[in-house]
Amino acid sequence: MGEYNIEVVRSRRARRISLRVTPAGEVRLTIPWWQSKAAALRWAEGRREWIESALERVRHRREQHPPRSEEQIEALRKVAKVKLPAMLDAASRRTGLRYGKVTVRKTHSRWGSCTREGNISLSLFLAALPDELIEFVCIHELCHTVHHNHSAEFHALVNKHTGGMEKELQKRLKTYLPR
Ligand SMILES: [Zn+2]
């Protein structure tokens, strides 16, 4: 499929090298603070096939979900501002996981995020997804109020609150793009 750039991000928290292709089609290599950049890039070179097929999937998804116009985005924002906080609240009551504030933003890079203080931000593009995926993202972010990472304990909690469906829902979520 040709060439791609690898963005190397040095992280204080990372314990090992990790590789990710973002929904925007960027290849991101996160490395521990002590890791040599050259060695990390050699490591990534050994994963060229994986990177290329991940980029191919992203390209396919982008074709299936062309960007919305400004007008469409504003219409979706109106729906999102009502629907998303209501669904987050319902998920919070159902799971017993409490959060601080909720904000709805025009975020293209992720569906949601959660701060250390337990404030949750949701992408307005989430409002265009099927309800069960909206609920899934709400549960994912609510579980971050307990575990501020993607540890095994975190995933076990998400899995518990999704009736053992985390992997399946994650797979479905990956077929959409926040745009
Ligand atoms: Zn997360």
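**Entry 1: S92**

I started with S92, which is buried at a relative accessible area of 9% (buried means under 20%, exposed over 50%, partly exposed in between, with a 1.4 Å probe and protein chains only). This is a predicted model, so I kept in mind that local features need pLDDT of at least 70 and side-chain atom pairs count only at pLDDT 80 or more, while totals for chains, interfaces and linings use all residues. Residues are numbered from 1 along each chain as its sequence is written, and side-chain values use heavy atoms, with hydrogens and water left out.

S92 sits in helix α3, residues 70-95 (helices are DSSP runs of H or I with at least four residues, strands are E runs of at least two, and numbering goes from the N terminus). Skipping neighbours within four places in sequence, I found S92 in contact with L97, R98, Y99 and L142 (contact is heavy atoms within 4.5 Å).

**Entry 2: α4 on α5**

Next I took helix α4 (residues 131-143) against helix α5 (residues 152-161): the angle is about 140° and the axes are 9 Å apart (axes are lines fitted to C-alpha atoms, for helices over the stretch in contact, and angles run from 0 to 180 degrees between N-to-C directions). That angle makes α4 oblique to α5 (under 35 degrees is roughly parallel, over 145 roughly antiparallel, 65 to 115 roughly perpendicular, the rest oblique).

From α4 the contact takes F136, I139, H140 and C143, and from α5 it takes F154, L157, V158 and H161. By class I have 6 nonpolar, 2 polar and no charged residues here (Ala, Val, Leu, Ile, Met, Phe, Trp, Tyr, Cys and Pro count as nonpolar, Asp, Glu, Lys and Arg as charged, the others, Gly among them, as polar).

I followed up on H161 of α5. H161 is buried, with a relative accessible area of 13%. Beyond four places in sequence, H161 touches R94, T95, L97, I139 and C143.

**Entry 3: α4 on α6**

How do α4 and helix α6 (residues 166-173) pack? I read an angle of about 115° with axes 10 Å apart, which makes α4 roughly perpendicular to α6. E132, L133, F136 and V137 of α4 meet E166, L169, Q170, R172 and L173 of α6. The class count is 5 nonpolar, 1 polar and 3 charged.

Not counting residues up to four places away in sequence, E166 touches F136, H155, V158 and N159.

**Entry 4: P66**

Last, I looked at P66, in the loop between α2 (48-64) and α3. P66 is exposed, at a relative accessible area of 54%.
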